Amino acid sequence: MTTLFWIILGILVFDFILERWLDYLNTTKWSTSLPDEVKGIYDEEKYRKQQAYSKTNHRFGMLTSSYSFLLIVLMLFFEGFALINGWATNISTSPIWSALLFFGILFFASDLLNTPFDWYATFVIEEKYGFNKTTIKTYLGDKLKGWLLGAIIGGGLLALIIFIYLKTGEWFWLYVWAVISGFSIFMAMFYSSLIVPLFNKQTPLEDGELKQAIQAFASKVGFKLDNIFVIDGSKRSTKANAYFTGLGSKKRIVLYDTLIKDMSTEELVAVLAHEIGHYKKKHIVWSLLLGIIQTGLMLFIFSRFIDSPALSEALGVKTPSFHIGLIAFGILYSPLSSLIGIGMNIFSRKNEYEADAFAATHYSGTALANALKKLSVQNLSNLRPHPAYVFVHYSHPTLLQRLSALDKEQANS
Ligand SMILES: [Zn+2]
């Protein structure tokens with residue numbers, strides 16, 4: 001066991017304890033009676049259901065995270081990565097093929113080990129609370145398509161990255177950065193038209209009161225909107241959502257059919273105004289740009305470490321290889337990537353407030369507040385998470401925070 005082995009183990013243990021502690025903090029906010037601040041949003045019965053849902057998810061999360069933690073610790077102590085590496089290099093000595101085999105085996109093994117839990121979450125927990133609409137056929141279809149996409153896109157990118165690594169010298173990270181950035185921009189533009197249709201049906205919003213109201217609002221704020229789509233989220237769950245996607249002429253707003261079903265036209269336009277706010281305030285472009293900068297930073301640090309045999313030795317592998325180095329580096333880098341993730345969440349929560357304010361200024365704060373309340377109840381959202389948990393994990397402010405910000409917005413105008 002090398003020093004680096006113990007550092008890797010230490011990082012995993014520290015992360016596990018920290019996450020369980022954050023989970024625990026959330027449980028301290030549970031209550032059996034309806035808290036004052038939630039009155040008027042949840043009624044007694046719905047609130048009890050929400051609390052039960054939170055508890056179930058918490059217990060289930062404890063189980064799955066302990067299981068994953070145990071698996072990776074066993075992999076480290078029993079040199080599981082070295083074992084899989086041995087199989088892969090036995091089949092092919094080519095660095096690209098052995099890496100593809102290595103990650104292929106890892107991916108399938110972890111997918112198979114996790115599927116029973118995922119199955120339980122969908123068909124038992126979500127079912128019990130009335131959310132699940134996924135059929136077994138859809139579930140298995142999703143799995144199969146996920147594997148195929150993973151093999152084609154993940155495998156293709158990995159092969160390309162190793163190819164560049166083998167062909168170029170110390171500047172390889174710069175070439176790889178260019179490739180990944182190009183791919184990210186491509187995906188940001190074409191995700192909705194290439195990937196989403198494999199899983200869902202998107203239909204243009206039909207003519208009528210809602211479409212007219214949306215278009216009236218869009219033209220009022222000078223937003224060119226040709227693409228409003230309704231997605232069949234109800235194929236999998238009763239939970240509702242709306243989002244903005246794409247860049248430039250490819251931009252589109254996607255509304256879940258489950259959202260349209262339960263909201264008034266005014267509330268739906270308010271949700272849309274929020275999404276348009278994200279676009280107007282350039283949040284989409286900034287998020288993409290920050291993602292690209294992060295990738296560059298990571299690749300640069302990676303390039304300083306990848307040639308060191310210590311990475312492979314830490315996982316019990318004598319002959320250094322790109323893919324083993326990548327696994328060790330991935331764990332060593334995770335504390336930094338968690339910190340960056342917290343920074344990104346802070347940025348994202350700030351953006352949510354801005355988009356809410358945009359909707360309040362240009363449309364209606366009251367309609368947005370009503371829509372957000374409905375959405376929270378429909379999804380049985382936890383309205384009282386612990387602030388520390390919110391700080392680390394939430395990309396959106398809590399409902400109560402958003403409502404009070406909207407109140408202030410209204411008081412000021
Ligand atoms: Zn938003």
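Biologist: Is the crossing of helix 6 and helix 11 left-handed or right-handed?

Modeller: The crossing of these two helices is right-handed; the term applies if the near helix is turned clockwise from the far one by less than a right angle, and left-handed applies if anticlockwise. Helices are DSSP runs (H or I, at least four residues), numbered from the N terminus. This is a predicted model, in which local features need pLDDT of at least 70 and side-chain atom pairs count only at pLDDT 80 or more, while totals for chains, interfaces and linings use all residues. Residues are numbered from 1 along each chain as its sequence is written, and side-chain values use heavy atoms, with hydrogens and water left out.

Biologist: How are helix 6 and helix 11 placed, and at what angle do they pack?

Modeller: Helix 6 (residues 172–194) packs against helix 11 (residues 283–305) at an angle of about 155°, with 9 Å between the axes. Angles run from 0 to 180 degrees between N-to-C directions, and axes are lines fitted to C-alpha atoms, for helices over the stretch in contact.

Biologist: Which residues of helix 6 meet helix 11?

Modeller: Among them are Phe-172, Trp-173 and Ile-180, and the residues of helix 11 that they face include Leu-288, Ile-292 and Arg-304. By class, this contact of helix 6 with helix 11 has 13 nonpolar, five polar and one charged residues. Here Ala, Val, Leu, Ile, Met, Phe, Trp, Tyr, Cys and Pro count as nonpolar, Asp, Glu, Lys and Arg as charged, and the others, Gly among them, as polar.

Biologist: Why is helix 8 called oblique to helix 10?

Modeller: The axes of helix 8 (residues 209–220) and helix 10 (residues 265–280) cross at roughly 40° and come within 10 Å. That angle makes helix 8 oblique to helix 10. Their crossing is right-handed. The contact includes Ile-214 and Phe-217 of helix 8, and Val-269 and Leu-272 of helix 10. Its residues divide into ten nonpolar, one polar and one charged.

Biologist: At what angle do helix 10 and helix 13 pack?

Modeller: Helix 10 and helix 13 pack at an angle of about 160°, with axes 7 Å apart. Helix 10 is therefore roughly antiparallel to helix 13. This crossing is left-handed.

Biologist: Which residues touch the most other members of the largest nonpolar core?

Modeller: Within that core of 50 residues they are Tyr-42, Ile-214, Leu-225, Leu-255, Leu-259 and Ile-276. A nonpolar core is a set of buried Ala, Val, Leu, Ile, Met, Phe, Trp, Tyr and Cys residues joined through side-chain atoms within 4.5 Å. Helix 13 (residues 322–378) gives the most to this core, with ten residues.

Biologist: Why is Pro-95 called partly exposed?

Modeller: The relative accessible area of Pro-95 is 41%, so Pro-95 is partly exposed. Pro-95 has its place in helix 4 (residues 95–128). Not counting residues up to four places away in sequence, Pro-95 touches Ile-162 and Leu-166.

How values were computed
Contact means heavy atoms within 4.5 Å. Buried means under 20% relative accessible area, exposed over 50%, partly exposed in between (1.4 Å probe, protein chains only). Angles under 35 degrees count as roughly parallel, over 145 as roughly antiparallel, 65 to 115 as roughly perpendicular and the rest as oblique.
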